Each structure stands twice: as structure tokens, then as C-alpha cells.
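Subject: Structure for you to look at

Dear colleague,

Please read them with the display open beside you.

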Amino acid sequence: MKKSFFVVVMISLMLSFMLISCGKKAEVEKKEDSVKAYKISLVTDVGGVNDQSFNQSAWEGLSRAKKDLGIDVSYIESKQDADYMPNLETLYDSNNDLIWGIGFKMADRVLEAAKQNPEQKYAIIDYSYGDKTPANTIGVLFKEQEASFLVGYIAGKMSKTGKIGFVGGMDVPVIHRFQYGFDAGVLFANPKTKIFEQYAESFTNAATGKAIANQMYKNGADIVFQAAGGAGDGVIEAAKEKNLWAIGVDRDQSDLAPKNVLTSAMKRVDNAIYDVSKKLKNGNFDGGKTLTYSLKDGGVDIAPTTKNHVPQSILDEVAKIKEQIISGKITTPSSKAEFIEWKKANIK
Amino acid sequence: MLNNLALIIGVTLMYSTPLIFTALGGVISEKSGVVNIGLEGMMVIGAFIAATVGYYSGNPWLAFVSGGLGGAFFGLLHAVASVTFSANQVVSGIAINFLGPGVALFLSRIFFNGATTTRSIDLDNKIPRLLHGIFPNDSFLYYVFDNQYATSYIAFILVFIIWYLLKKTVFGLRLKSVGEHPAAADTLGINVFRIRYFAVISSGFLAGLGGATLSISVVSNFRPTLVSGQGFIALAAMIFGKWKPIETMFACLLFGLAQGLVIFVGQFDFHISSQLLNMLPYILTLIVLVIFVGKSVAPAADGIPYEKEQKH
């Protein structure tokens, strides 16, 4: 009797907290407009909509679409990987014109949903289905290598020891784009630079990130770039403790250590989402395709706080290089193979 | 070469400190006969509260202790469930593991404008690094101790305090007797409930300190993925250490050492995939477990709720 009573209490407590922590689930805001109101929703991955990273950025993009374009927007947060499918189905049932899946983790689920509901439009961030993209789906990729090239160039110019580190989360293509773009940028600034590279094999373990960064600093690096999610927090912490430089990723991470974050390679998920929403409202939907956002359309960039630490002369050079990347004069490698080719062509 | 060794030792200490706090919590609780798989959830809440109090008060010690108290509160919940109401201790522990992150996220959104990541704490307001700047740059001791936060030393001191408590004091003996044969202890006039309450709440306190170590020593902010499984590693270390404080400490150090080795070996351009390399801590654990440790036996009444009217 006591036992069962307790179990009931515990479970209801748990459920209520889970509900509360989900916060404003599927917050739909109405817009009184006589024209056809478009309705766009997104499913976050497990980071949640306030993760101060790409989920948050995605929601900011949609919020801007609501403000500027009068589109109805809403979101659902996923608490675990198993939530993706139910969340996609919930949004399907609520008559959206377009449903976004945020993050490559959701790739299989979005594809499944897209095949089941051919009349519903879907889009996914950070994933491309290549030739197999269903006609009702858009894949969105970013040229992370372009922003990474720029921060790499800054690092190459700013390093006093001629040694620079890169800490990656895992050995996967999206991290390679950061890594090899960065490597190329560093060598472009100073071909003699020695680059240390190591993977944390984790996007969460801050202690590992910190230990790797400490090792790089011990070996003489004075700037370390991280593309390692939560493990990257450890890298920035190490820079803070040693009073050396770290470079942030995805968003302007300067707030984590204002004195020690040199710059950040930003990925503007918000701009991509806004752009796709705008096109949809104008009647264009590039179904079956993969869209790639780059420096040119504001899909990636370097952080505005870069100017706090980097001298104007280098900033001017960076601006010039940015133009050359946009015009195609400078290419940026996105994989190891491309990097080797790039090195042959550009570094004597 | 010597400096590389020093760096590995440094990583070992940093990595094992949160595990030691938490695993010690596990030892105390299970010695009294209450299984505590809620360590993970208690770590999460401890990490969150420490980061929040640290950010707003600027006092690292207040933050550290608050983190512990947060864990202790969850320990209290676990105790109410598993001691007073004789609930299944595993179920209650799992509930704590859900509740911890849930409450942390909920509060984080209130205190940090909807953000699930807390604001970063300045280096000056973190736990002090006791031996920072004492040793000359590039010396062996510099790489071992310069970057160690006071929490690392506290963890080792606690190991001996708890060892002493369990081994040399009347109270420790009572605690163990409650974990081995609560009915016998009861007939001798020992208050089983009170001792188990004490053990489970202190277990939560220690796990909270472990979490706090992560958020205000290892890094300087809390994010929902910060703990990600370390509570379970601590639980494994406790079993590995045969439910004894000193052995458990060595188990934690072994995990830390394996991590240090992975990071050290990972810097060389071997043709081993880094995924394989990262299995090293677990493979090492298996090997040590099979060859050196032998049978690990839990306290006899571990996991069994004690009910007075129960007939034996």
C-alpha cells in the first residue's frame, strides 16, 4: 500500500517536472493577417531551443521570419533521440507548410517522415541526402570551411610561437570542414606554422577537451581552435587558465572568456532558415535539393567581437580574403583529400 | 619525456576528482544497505547549483557547498523513498536521474533568461588553484600541480576521512552492520532508519560536490551535457573498488589515468583510429578487473529495504 502510493507520487512528480521543463511546448503565435498565413515549425534536437548554439540560432531565424514576413512559427523540443519521430508527427498533424528538423542526428527520422507524407514539405539542417533527397525535402549545409579559413588566417597571423592547435569533437565530415578549412587558413597566413590536431571523441566531455588543450599549450601552441561542442568548453577554460588564446565555434563564444576568445567561426543557422522561409513565402521551394550557405549569403562568418583582440591591419587582410573567397579566387578545402590538393596548389 | 608524464598525472588528477567525490558518496550509501544509482542525477543538480551560486555570489566555496546541499536534498528524496517507504531503490534512483537534469534545466531557464547553459564564472571567482604559480615554468611539479584546483586535494583528504569513519569509529561499524544485517543491528538498539538516512543524504552531498567540481573547477559553467554519464562511471568505480574507500579511490585514479594516456597517445600521428584509442579506458578496466581485482562482493543487505515487521 505504502509502496504503491509512493510509486504513484514519484511518477507524477517526475512527469510534472518533465512537463514543466519542456516549457512552452509548441508555442504557436497567431498573426491577424488577411493574406494566406504560412505556418512553419521546427523540431529541435536534444540541445533544446535555448542551447545557445544552433537550435537557438534556428529559432531566432524563425522568429525573425515571423516578425518580418508574418509567418506563423512554432517549435517542439526533443528531450531524447527517441522524441524526433513523435515530434515530427505532432507537427505534421498541426498543418504546417514546412517542418524543420534541426541537426544531422534527425536525418533518418526526417527522411522517414518525408517518405510517409509526400505532400508535406520538410527541411533539415546540417544534412544532405544527395541524389536521394525526396522531392518534398530540402537539405541545408553550410560551408564551415570558409569561416574556419578566416579564423585560421587570423590565428596564423596572431600566433607568436608558430604553433597552433585544433580540437575536434569527432572524426566526422562536419568537423572535417572546420578542421581542414582552418588548417588551410593557418598555412595561408604562415606556411611554417606547426598545427597540432586531436579529436576528443566526445561532444560532451569538457575534461577531455581541457586536457587536450593543455597538452597543446604545453607543446608550445598559443592558439587553439575547437569544434567540439561541450568538450570545447574545456578548451576555452584551458585558455582562460593559461591566459592564452582559444577560438570559438558555431556562435560568438566570446562571453565564455572575453579576454581569451580570439574570434569565433560562426554558423548562421538563423540566416539559412530565414532565407528558406522567405523563399517559401514567395512561392519557391527547392524540394529535392541540397542548399549550401556560405560567406556569400551570410550562412557562415567570423564573430563581431573579433575586433576586440585582432589589430586593424589583420582585419583588413581578412576582409580582403573574405572577398576573394566569395569571388572564388581562394578555394577552401572541406576534407582531407581536398586539403592535400589545396596544399600542393597553394603552399610552396 | 618527464614533463609528458607530469602532464598525464595532472590529467589523471583533474579527471578523477569528480569521480572520487561521487564514488565515495556511493560507498557510504551502499555500505548502509541503500543502492544509489541516482548519483548521476545528484551530480547534475550539484553542478548546476554550484555554477549558479558561483555566478551570482562570486564566492566559490559557498557555491561548492551549495552544490553539495543540492545533491543532499536529492539524497533526502531518495532516502524518503527507499528507507521510509521501502520503495525499490533502483526505481527511486532512476527517478532521481530523471529529476536531477529536469530540475536543473527548469531552474536554469528561470535564472538565466531562458538559457540552458549558465553564464561563465571569472577565473578569480572559481575555486582557487592552491599551488598555482609556485613551481617554476616547465618543471615536473609545475605540470602536475600548477593547474590543480583545491577540490582535488579535498577529494583525497575526504577519502581518508571516510576510510577512518568506516574503519575506526563506532559509527562506521554501526553503518556497516546496518548494511550487512539490519535486523540484527536493530535488535541491538541501532536506529537503522536514522543511519540509513544519514548515509543516503551524505551520499547525495558528496555526489553534489562531485558535480560542483565539474562545473566550477574543471570548467566554469553548467550545460545539460556536462555530467553525461560520469555518475555511472563513479558507480562502476565503487564496485570496482569493492565498496571500500581507498580501493575506490584507486579505481577512480585508474579511470583518470586511462583518460590521460588516451590524450597523451592521441597527440601522435599513429595510424590507429581515435575511436579505438578511446576504448582504452574501458579495455584497461576490464583487464584490471579480471586479472587483479577478483570477486567484488556488495554489502549483504544492499538494495533490500528494511521493514521492522518483516520476519526472517
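Two strands are taken to pair here if DSSP finds at least two bridges between them. With that in mind, β8(A) and β9(A) are joined by 3 bridges and run parallel. Please keep in mind throughout that this is a predicted model.

**The sheet of chain A**

The strands β7-β6-β8-β9-β10-β12 of chain A, in that order, form an open sheet of 6 strands with mixed pairing. Its edges are β7 and β12 (300-302) of chain A, each of which pairs on one side only. Between neighbouring strands of this sheet the average turn is 15 degrees, with direction ignored.

As a general point, the strands of a sheet pair through backbone hydrogen bonds, and the pairing may be parallel or antiparallel. In this model β6(A) and β8(A) run parallel and are joined by 5 bridges, with A:V167 having A:Q226 as its bridge partner in β8(A). On the way to the next strand, A:F225 has A:I247 as its bridge partner in β9(A). Strand β9 (residues 245-250) of chain A is in turn joined by 5 bridges to strand β10 (residues 261-267) of chain A, and these two also run parallel; here the bridge partner of A:V249 in β10(A) is A:A265.

Is β8(A) enclosed or open? Of its 5 residues, 5 are buried, so β8(A) is largely enclosed by the rest of the structure. In a regular strand the side chains alternate between the two faces of the sheet. In β8(A), A:I223, A:F225 and A:A227 point one way, whereas A:V224 and A:Q226 point the other way, and all of them are buried.

Helix α5 (residues 144-158) of chain A lies across β6 (163-168), β8 (223-227), β9, β10 and β12 of chain A, and runs at about 170 degrees to β10(A). Helix α7(A) lies across β6, β7 and β8 of chain A, and runs at about 165 degrees to β6(A).

**The contact between the chains**

The contact takes 40 residues from chain A and 41 residues from chain B. On the side of chain A that touches chain B, the elements giving two or more residues are α1 (2-22), β7 (194-199), α7 (206-218) and α8 (229-242) of chain A. Of these, α1(A) gives the most, with 10 residues. By residue type, that side of chain A divides into 15 nonpolar, 13 polar and 12 charged residues.

**Chain B**

Chain B has 13 helices and 0 strands. Its radius of gyration is 20 Å, close to the 20 Å that the globule rule gives for 312 residues, so chain B is as compact as a globular protein of that length. Taken along the principal axes, the box filled by the C-alpha atoms of chain B is roughly 65 × 50 × 35 Å. Of the 312 residues of chain B, 55% count as buried. Among the contacts in chain B with a separation of 6 or more, 76% are between residues 24 or more positions apart.

With best wishes

Note on methods
Residues are numbered from 1 along each chain as its sequence is written. Chains are lettered from A and ligands numbered from 1 in the order in which they are written. This is a predicted model: local features need pLDDT of at least 70, side-chain atom pairs count only at pLDDT 80 or more; totals for chains, interfaces and linings use all residues. Two residues are in contact if their C-beta atoms, placed from the backbone, lie within 7 Å. Helices (H or I, at least four residues) and strands (E, at least two) are DSSP runs, numbered from the N terminus. Ala, Val, Leu, Ile, Met, Phe, Trp, Tyr, Cys and Pro count as nonpolar, Asp, Glu, Lys and Arg as charged, and the others, Gly among them, as polar. The radius of gyration is taken over C-alpha atoms; the globule rule is 2.2 Å times the number of residues to the power 0.38. A residue is buried if 20 or more other C-beta atoms lie within 10 Å of its own, exposed if 12 or fewer, and partly exposed in between; C-beta atoms are placed from the backbone. Axes are lines fitted to C-alpha atoms, for helices over the stretch in contact, and angles run from 0 to 180 degrees between N-to-C directions.
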